[in-house]
Amino acid sequence: MLSAVVLISGGGSNLRAILDATKNPMYPVKVLAVGADKPADGLAHAELFGISTFVVEPDRFDSREAWARVLLSNIQHFEPDLVVLAGFMKILPADFVKALSPRLINTHPSLLPNFPGAHAVRDAIAAGATSTGVTIHVVDEGVDTGPHLAQSEVAVLPGETEHQLHERIKVVERDLLVSVLQQIAEQKITLNA
Ligand code: GRF
């Protein structure tokens, strides 16, 4: 059984997909806790499943490093095998990444290295891309630059909005994330920094 702490910032549909997968006793992943950088709507999914939550808000700290230290201590309290960034929208400082690497993964809504950063879906449309997708990767000290664990392609439909494309990407992303966590649990994927 792979134990995980999941970090979110928003609606948490990827988190919900993981939680729904854990309803199957054969699914080899257990979510120990869900953390967020704000009172994110997605925390309600954790509460529905009776899972601990914690919120560590950056603006309550004098520095990003101080914030990340408290975030890390909340995570380490649960002693997870893996930390999953599922729509967590803050850049994490090097010390945080070093403390968890390579047991820290992220899901990103583009086919990295194309369109890194916080506006991947918008950037793909602006670039006139005809296809994009999702990448699940190990987090390293760069932004969206760590080793890829899995990718899946999604066509860009003419004239669709950022929201429409992102929702279509998420359909693929949720299944891919659930599958990658299972493969890590079953040691079919090994994590290297
Ligand atoms: C996901 O597409 C993730 O790749 C991106 O933000 C989105 C979060 O969606 N960083 P949700 O909160 O899981 O619905």
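Predicted model: local features only at pLDDT ≥ 70, side-chain atom pairs only at ≥ 80, totals over all residues.

When I say polar contact, I mean a pair of N or O atoms within 3.5 Å; within protein, one must be able to donate a hydrogen and the other to accept it, and residues adjacent in sequence count only if both atoms are side-chain atoms. Residues are numbered from 1 along each chain as its sequence is written, and side-chain values use heavy atoms, leaving out hydrogens and water.

So, what holds oxygen atoms of the ligand at polar-contact distance? A backbone N or O atom of Gly 12 lies 2.8 Å from a ligand oxygen, and one of Thr 107 lies 3.2 Å from a ligand oxygen. From the side chain of Lys 170, an N or O atom is 3.0 Å from an oxygen of the ligand. Taken alone, the ligand exposes 370 Å², and the protein buries 90% of that (accessible areas by the Shrake-Rupley method with a 1.4 Å probe; for residues, only the protein chains shown count as cover).

Who else is around the ligand, meaning with a heavy atom within 4 Å of it? The list includes Ser 13, Asn 14, Met 89, His 108, His 166 and Glu 173. By class, that shell has 2 nonpolar, 8 polar and 2 charged residues. (Ala, Val, Leu, Ile, Met, Phe, Trp, Tyr, Cys and Pro are nonpolar, Asp, Glu, Lys and Arg charged, and the others, Gly among them, polar.) α1 (13-21), β5 (104-108) and α6 (162-185) each supply at least two shell residues, and α6 gives the most, with 3. Helices (H or I, at least four residues) and strands (E, at least two) are DSSP runs, numbered from the N terminus.

Where does the ligand sit? In the largest pocket, with more than half of its atoms within 2 Å of the grid points. A pocket here, on a 1 Å grid over the protein atoms alone, is an open set of points where a 1.4 Å probe fits, with protein on both sides within 12 Å along at least five of seven lines; lining residues have an atom within 4 Å of a point. The lining has 40 residues, with Gly 87, Phe 88, Met 89, Thr 107 and Pro 109 nearest the centre. Again α6 gives the most, with 4 residues.

Last, the backbone. Most residues other than glycine have a negative phi, and most peptide bonds are trans. Ser 101 to Pro 102 is cis, with omega near 0 degrees, and Pro 102 is in the loop between α4 and β5. Leu 112 to Pro 113 is also cis, with omega near 10 degrees. Asp 144 has a positive phi, near 60 degrees.

Note on methods: Near = heavy atom within 4 Å.
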